[in-house]
Amino acid sequence: MRNFITPRYYLPALMIFILLLIPLFISSPYILHIMAMVLFWAYLASAWNIVGGFAGQLSLGHGVYVAAGAYVSSLLFANIGLSPWFGMIIGGLVAALLGVIVGYPTLRLRGAYYALATVGFAEGFRVILINTTKIGSWHTGGAEGFLVPLLGDAPQHMQFMSKVPYYYLALVLLLIIVGFSFWLDRSKLGYYLTAIREDEDAALALGINTARAKLIAAALSAFFTGVGGVYYAQLIRYLEPNAIAGAIMSNQIVFLAIVGGRGTVLGPVIGGIFLTIIGEMTRILFDQVMGLHLFLYGIIVVLFVIFKPRGLIELVEKPYEKLVKMLNGRRVEGAS
Amino acid sequence: MFIKRNYKIFLLCITVLLVMLIAGCSGGGKSSGEVKEIKIGNILPLSGSAAPVGKIGQQARDMAVEEINAAGGIKSLGGAKIKMIYADSKGDPATGVAEAERLITQERVALITGAYQSGVTLPATEVAERYKVPFVCPVPSEDVITERGFKYVFRLAEKTTWRNREQVRFIQDMAKKFGTPVKTVALIYENTAWGQGAVKGWEKYLKEAGLKIVLKEPYPANSSDLTPVVLKVKQLKPDVIMMCSYVSDAALLTNTFAEHKVKPLAFIGTSGGFADPVYFKTTGDNSEYFFDISTWEPDVNRPFSKEVNEKFKQKYGYPMNAEAVKAYTAMYVIKDALERAGSLDPEAIRKALAETKLTSGVTQMYASEIIFDESGQMVNAPLIISQFRKINGKMERVTVWPEKEARPGWKPVWPFPGWDK
């Protein structure tokens with residue numbers, strides 16, 4: 001029992017508590033929407049991190065899984081009325097299946113093959129989405145995009161008029177993925193993945209089935225990303241192949257994870273939160289000159305990458321450890 | 001030492017962020033009893049690949065608003081001035097949604113205009129509908145925008161399929177006038193949202209007109225060689241060839257048709273690439289006698305058209321295009337609605353917009369009559385056909401149809417005279 005009141009436990013609990021309370025103090029739907037998007041991006045970056053960070057296999061096509069989750073759940077929802085809550089599972093599974101299809105032949109190879117395959121697969125998937133207007137009698141919208149039916153307040157179908165439920169939903173998703181990453185980091189599979197990332201030959205020599213471990217990581221990552229896609233579909237309610245399955249989506253996910261610190265539990269979360277907020281801020285504050293916001297965003301990112309190449313996580317880790325030590329010290333002092 | 005310097009830069013970044021955060025949070029939310037200014041939010045692609053068209057849309061709006069404000073603002077609101085707030089959608093649907101949320105809940109705009117791309121407009125208008133804030137769309141043309149039963153969305157543009165409908169009408173009209181029966185049509189289109197929308201319209205209206213589609217040929221928009229497409233068309237010998245293309249593929253198609261001397265009764269484009277100034281540069285004389293559809297041309301025979309275009313050219317250094325004219329007109333439609341609403345109550349503005357009936361003033365440069373139907377769709381959006389003609393050694397777009405809006409003294413050349421000109 002005594003262990004649970006050390007800073008190592010109550011600091012994260014405090015942070016989660018603050019995140020839970022935020023909607024009580026912020027009434028602006030816009031700010032809540034942005035915060036939900038911030039948490040959502042942090043979630044996607046964390047999901048990517050499973051294969052891209054822990055396993056060290058660069059996937060440049062995660063947009064495919066976002067799109068798969070979004071399209072599968074939305075099509076089932078629009079055509080047979082299946083609630084997106086169930087669609088989350090199915091969408092995630094379809095995404096995982098796609099992840100296996102890309103990964104199975106290429107993850108046994110070394111070098112850039114997996115990264116190349118993900119790029120090619122993503123581009124192909126986008127083109128298929130653009131050119132398919134119907135699956136059987138189900139309209140997919142093709143390049144014109146797919147409008148998710150608006151039902152107003154329908155909690156059973158993951159639709160809300162208020163932004164508060166969307167915020168909490170994003171928060172829950174993020175907590176799940178962080179919890180999962182935390183577990184993965186300390187699990188047998190996690191050690192396998194670390195071994196593969198550090199030295200694949202050595203891992204093989206130790207008897208690890210590297211192809212299988214990588215494939216599991218890829219499937220898990222795709223699953224979580226697909227679940228994220230379902231959330232996106234219900235928040236934005238419009239799926240456009242270029243925006244959702246295109247390179248911009250895929251690259252953004254990678255970008256957030258790498259700037260935040262790939263291969264760490266919280267790096268992608270920090271990257272997602274920081275960069276999304278910076279992106280939003282620069283867009284609003286520097287709207288007088290066309291394109292200036294992207295320029296400033298770029299500069300901020302470049303500065304971070306130059307000075308903190310291992311990710312933003314470096315900046316947060318040390319002060320956090322210090323804080324924990326300090327609080328620990330105080331507690332011990334008080335006890336004595 | 002290096003670490004220390006690092007730390008300073010980090011501190012600097014954090015300070016900048018904090019300042020931005022505070023500045024960002026303190027904006028908006030002010031309100032006063034008396035109406036001094038009317039905030040209008042505008043969502044446009046101001047960065048990304050569509051930034052140039054976003055910019056010209058912004059300039060056209062600014063010019064209209066300057067005129068309106070200089071003429072005393074909105075008189076029924078005590079001469080209140082219009083204040084424009086621009087939001088960059090980056091051409092991305094999710095960003096468009098976030099910006100609509102911001103404009104409505106932070107900036108508290110009275111209404112919104114935008115968003116150029118249909119893909120951004122669809123979800124952004126849904127946000128406005130949810131908050132019951134009127135949304136005027138001057139440009140986006142995807143049919144479904146005004147087919148969702150929304151009450152707060154008004155479109156000043158034509159639907160995509162209306163263009164196809166007018167093209168078919170034009171073909172029938174020409175066939176009758178010149179005694180050249182048209183039976184078969186080939187459709188060639190780029191394979192994104194736009195081309196896919198066009199082909200739906202063509203299929204519908206060609207079928208209604210009893211014309212036979214002998215070829216439906218989609219191609220990827222960034223194709224570097226369209227010879228196979230052209231050869232297919234040549235073999236089938238359709239009476240009319242209809243195209244929906246971006247600029248590089250429009251030029252490529254035109255030049256390849258010239259190379260293989262394909263000779264139908266007419267080539268008809270669907271704006272887009274054919275309306276781009278670059279098209280003439282890359283095709284030279286090859287495009288002569290091609291037809292194209294649009295809603296406005298610099299030479300169109302409508303009141304105020306020349307004057308406004310001249311003023312725009314003086315101000316910004318280049319002429320208006322159809323999108324700019326729509327954006328410009330939209331501001332006057334909004335002004336008219338605000339005058340009649342006499343309040344900033346969104347419901348009053350919505351009602352005034354729905355009751356719009358503009359038959360005089362500068363909006364004539366776009367349409368002789370502006371009214372919206374139940375769905376918020378402009379009735380009878382004006383569509384015209386122009387033909388590319390060589391005048392004094394330079395290619396020009398000459399408005400030829402319908403007759404009363406044609407460039408005075410010019411008539412369509414039909415059928416296509418062939419390549420040995």
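**Strand pairing in chain B**

Reply: In this predicted model, eight bridges join strand 1 of chain B to strand 2 of chain B, and the pairing is parallel. Within strand 2 of chain B, B:I82 is the bridge partner of B:I38.

Me: What packs on the sheet there?

Reply: Helix 11 (residues 322-341) of chain B does, touching strand 1, strand 3 and strand 4 of chain B. The direction of this helix makes about 150° with that of strand 4 of chain B.

Me: What is the strand order of the sheet?

Reply: The order is 2-1-3-4-5 (chain B), in an open sheet of five strands with parallel pairing. Strand 2 (81-88) and strand 5 (153-155) of chain B each have a single partner strand, so one side of each has no neighbour in the sheet.

Me: And strand 3 of chain B, are its faces covered or open?

Reply: Both faces are covered: B:L111 and B:T113 are buried on one side, and B:I112 and B:G114 are buried on the other. B:G114 is also the bridge partner of B:I43, while B:T113 stands opposite B:V136 in strand 4 of chain B.

Me: Which unit do strand 3 and strand 4 of chain B make with helix 4?

Reply: Together with helix 4 (residues 118-131) of chain B, they make a right-handed β-α-β unit.

Me: Changing topic to chain A: where does UniProt place the feature "transmembrane region"?

Reply: The unreviewed UniProt entry places this feature at several spans of chain A, including residues 9-26 and 88-107. Residues 9-26 of chain A are 94% helix and 0% strand, with end C-alpha atoms 27 Å apart. For residues 88-107 of chain A, the values are 95% helix, 0% strand and 26 Å.

Notes
Residues are numbered from 1 along each chain as its sequence is written. Chains are lettered from A and ligands numbered from 1 in the order in which they are written. This is a predicted model: local features need pLDDT of at least 70, side-chain atom pairs count only at pLDDT 80 or more; totals for chains, interfaces and linings use all residues. A residue is buried if 20 or more other C-beta atoms lie within 10 Å of its own, exposed if 12 or fewer, and partly exposed in between; C-beta atoms are placed from the backbone. Helices (H or I, at least four residues) and strands (E, at least two) are DSSP runs, numbered from the N terminus. Two strands pair if DSSP finds at least two bridges between them. A crossover is right-handed if, with the strands pointing away from the viewer, the path from the first strand over the helix to the second runs clockwise. UniProt positions are given in the numbering used here, feature names are shortened, and annotations may be inferred rather than shown by experiment. Two residues are in contact if their C-beta atoms, placed from the backbone, lie within 7 Å. Axes are lines fitted to C-alpha atoms, for helices over the stretch in contact, and angles run from 0 to 180 degrees between N-to-C directions.
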